[in-house]
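Open the structure in your viewer and keep the selection tool ready. Each stop below says what to select and what is there.

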There are 2 protein chains.
Amino acid sequence: MQDKLTTLKARLAEIEDVIGAADILEWDQLVVMPAAGGPGRSYQYATLQKLAHEMYVTDEMGRLIEDLSAEYAGAPAEDDDAALVRVAARAYKHKTQIPAALVAEMFQAVAFGVGVWATARANNDFALFLPHLERIFDLKRQVAACFTDTESPYDALLDEYEPGMKTSAVRATFAELKAELVPLVAAIAARPPADDSVLRRDYEPKQQLAVAEQVLKTFGFDFTAGRQDLSVHPFCSGLGQRDVRVTTRVSANFLSMCLMGSMHECGHGLYEQGFPEKFARSPLTHAASLGLHESQSRLWENLVGRSRGFWDHFFPTLQAAFPASLGDANAEMVYRAVNRVQPSFIRVEADEVTYNLHTLLRFELEVDLLEGKLAPCDAPAAWNAKVKEYLGLEVPSDKLGVLQDTHWAGGLIAYFPTYTLGNLASVQLFEQAVSDNPTIPGDLSGGRYDTLLGWLRANVHQQGKKYLPNELLTRVTGRPLTAKPYLAYLKRKYTELYNLT
Amino acid sequence: MQDKLTTLKARLAEIEDVIGAADILEWDQLVVMPAAGGPGRSYQYATLQKLAHEMYVTDEMGRLIEDLSAEYAGAPAEDDDAALVRVAARAYKHKTQIPAALVAEMFQAVAFGVGVWATARANNDFALFLPHLERIFDLKRQVAACFTDTESPYDALLDEYEPGMKTSAVRATFAELKAELVPLVAAIAARPPADDSVLRRDYEPKQQLAVAEQVLKTFGFDFTAGRQDLSVHPFCSGLGQRDVRVTTRVSANFLSMCLMGSMHECGHGLYEQGFPEKFARSPLTHAASLGLHESQSRLWENLVGRSRGFWDHFFPTLQAAFPASLGDANAEMVYRAVNRVQPSFIRVEADEVTYNLHTLLRFELEVDLLEGKLAPCDAPAAWNAKVKEYLGLEVPSDKLGVLQDTHWAGGLIAYFPTYTLGNLASVQLFEQAVSDNPTIPGDLSGGRYDTLLGWLRANVHQQGKKYLPNELLTRVTGRPLTAKPYLAYLKRKYTELYNLT
């Protein structure tokens, strides 16, 4: 049986190598690739994805996983090898349920879809994107139909990003959020608007990047095993055990874009840098789920970076970096500015309070699109109606509406809810960290981040993908994912900030 | 039969995708990868190499190639599909002659060898490198032994880089070169040394890079389908049909490093950018051989960049970029400086006249190592003896001797002669270009490079890998590779420069 485990590990290690290579191709495309390289790169990326899939669904893998699953059935859940077999068995079952021809069609569709979407978005041309959107949802409907043990077609897609999560649970969570957030947004809108003009002064881009890099180092990001670059949309890539890269973007007249964005990606990066060496080249060297990944980015961006304690400590450093623009400012001004609540069109620029309404509307639309209740050609109108309903805004163009995100173009259906699950988990985990280490708030106000990072390393990062996200949350916080701490946090924070009653 | 051709093309396209991905991993490692990423990257690279090999040696590929070879046996050599089948058949035959276990062992040995070599070189520690060197030559000897239809074990290895070339032909060429070059070096040494101090003044690195980029653009390098970056050792990578990257390095006190090095890599890059679109994702979208590749880099570096015409035209631009260091200089001074002949230890810094003595000694050593006539532990002494004999120098350390090049560490045995074959071909091709287009010398003196590039595109670049290198040279210049034009060029040029009789 030891031989079989060794063989399985060797096969999985090579699959991880190919996945890592595909991630490098993607990073390269988004950060350094010359413009003309696009079509060739799409083929290369699609071929690596196809190979990684084919390497997983062999008969040999099936036999190894079947034999080892029986062998490890009684092993403790904490056992690394048992976890590896569980994770491999789950992935194998999922992958083999989809016919090879459908997998190939999907890889081909998504490989070129992002390019079509980028052109459509640049030209505000939904009609150009429509045939591709129809094809993606058609293929995803076929994928979902391969899974017969689900409550909803959406379940099969959601499970890829958030293992074990059910559509019904997401729906219930969003209902709970919506019931509280819509009135909260309205209450804030009734108050005098916060002033964020301090963020919109002149900030020299290179100086911003230097400050952001300094913040990342202070948080604990290891630049000998990572780097930060510029890209159109910020992202984080784990390209191998000790190669984790974050990207950011800069505006000379809006401080948050680079600084808060960098903290967000740093949170992702710290998670990736925290996987244990023993999981190298194994499927355990990944986040428990996309939601857990987002919990880390949100924790560093919001619970740390948008806290009063952080700004009390960090403001003098920022002021010294930008004396001309911040000479008359103070920590409280910036704290209030980075926490300004304002309904807006673009999800990635949304504040903490309105953000989840953006994901809610996407979740509702993609469920309807997948279940055939909404035709892709009607998506723009449906989108705009929901923005009006949840955020009170009239969408002026598809570019600021249905065309803004790349996810659907890339076949990432059921991805959006994980952003909100991450928001919830960020507060649930942070409060547990503080409960376990009551010095954390004081440490953060003093510019010491190692207590918090140490807790996250030990409790979350070092577990990699060993446990399902709700299992991990239960182990660490005593209960599965819940919206309660998150809602209480938002209400507490914004009641004080906006003087609500 | 059309179906079989379509299938073969599809299989080869995916193999090209994987090879391209591996090249991206290598570029990334040498240009942007954080230091800690090394071990993980070596696994990823080795896995992609292994996959590309496995995808080639399947039974299906064997049947397709066999059937199509019969079908295209009578087709004209110029036919693209016939050429594709020829190239695939050649590669398939070569790859299937080596047992899979040996291939795997070799991939593993080389994946980690470059790291060992880099440490050994940095610490001048040949003993650290020795076991790896022994293993590489042992494995290469086993590879060579798989080929029974060769005159010499070295033939099998040489054929990978220089298809159709024989060791006996290389030996004869080197004998011809040695007979002429050793006396030429001696005659030059007897003359007053050239003064290259003008190159060793202060040259601001960023300004050097800007000038180099401008030169590349003027030569015709397309930056929308390529880029130039910094790396420890300059190289060129074709990462896909329209993504060609060159690297360079800069010294603030030695102008040639960046400028001449950039022209060299630009020559490689222009070749890669010149492959026709119709060969995309096929094995024809490569150079005819490493020697032909080097002919392009040498042509732009030496025949253009080290010509009097180039400097007459370009010097004012350079002077304007560095007024403080070049205020008192003139074109002739720089022309003479970049053509200074001086025996030295390091191959990549050698001048045109002594360069081939560096490759000669490597060729002789690796033939002896492969044939078992020289033990790897005796390589340093043998190296030093040859440097004494050919260049008249005492090697002071292995770092400046046997440890200077990465090739053996990476398993690239029989690669060195291709540099010299490239030098010969550069003159043979350039003279043919001038013969076909007598305006070329005048165009170059006037800063117009499109006549030359156009000729190279039409006659060399657009052919990709369709023909064996000697077939291509014969088609273009009327004869196979010959040392005569090269030796005549050197003697003509350096007789004038050094006032030889």
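The tour goes from the chain pair to a helix contact and then to a cavity.

The model is predicted: local features need pLDDT of at least 70, side-chain atom pairs count only at pLDDT 80 or more, and totals for chains, interfaces and linings use all residues. Residues are numbered from 1 along each chain as written, chains are lettered from A in written order, and side-chain values use heavy atoms, without hydrogens and water.

**Both chains.** Select chains A and B.

Select α2 (residues 38–56) of chain A and α1 (residues 2–31) of chain B. They pack at about 100 degrees, axes 9 Å apart (helices are DSSP runs of H or I, at least four residues; axes are lines fitted to C-alpha atoms over the stretch in contact, with angles from 0 to 180 degrees between N-to-C directions). So α2(A) is roughly perpendicular to α1(B) (65 to 115 degrees). Show side chains: residues including R41(A), Y43(A) and L48(A) meet α1(B) residues, among them E14(B), D17(B) and I24(B).

**The largest cavity.** Select W117(B), F129(B), W383(B) and H407(B), which are among its lining residues.

Definitions and conventions: Helix = DSSP H or I, 4+ residues; strand = E, 2+ residues; numbered from the N terminus. Parallel < 35°, antiparallel > 145°, perpendicular 65-115°, else oblique. Contact = heavy atoms within 4.5 Å. 1 Å grid on protein atoms, 1.4 Å probe; cavity = no way out; pocket = protein on both sides within 12 Å on 5 of 7 lines; lining within 4 Å.
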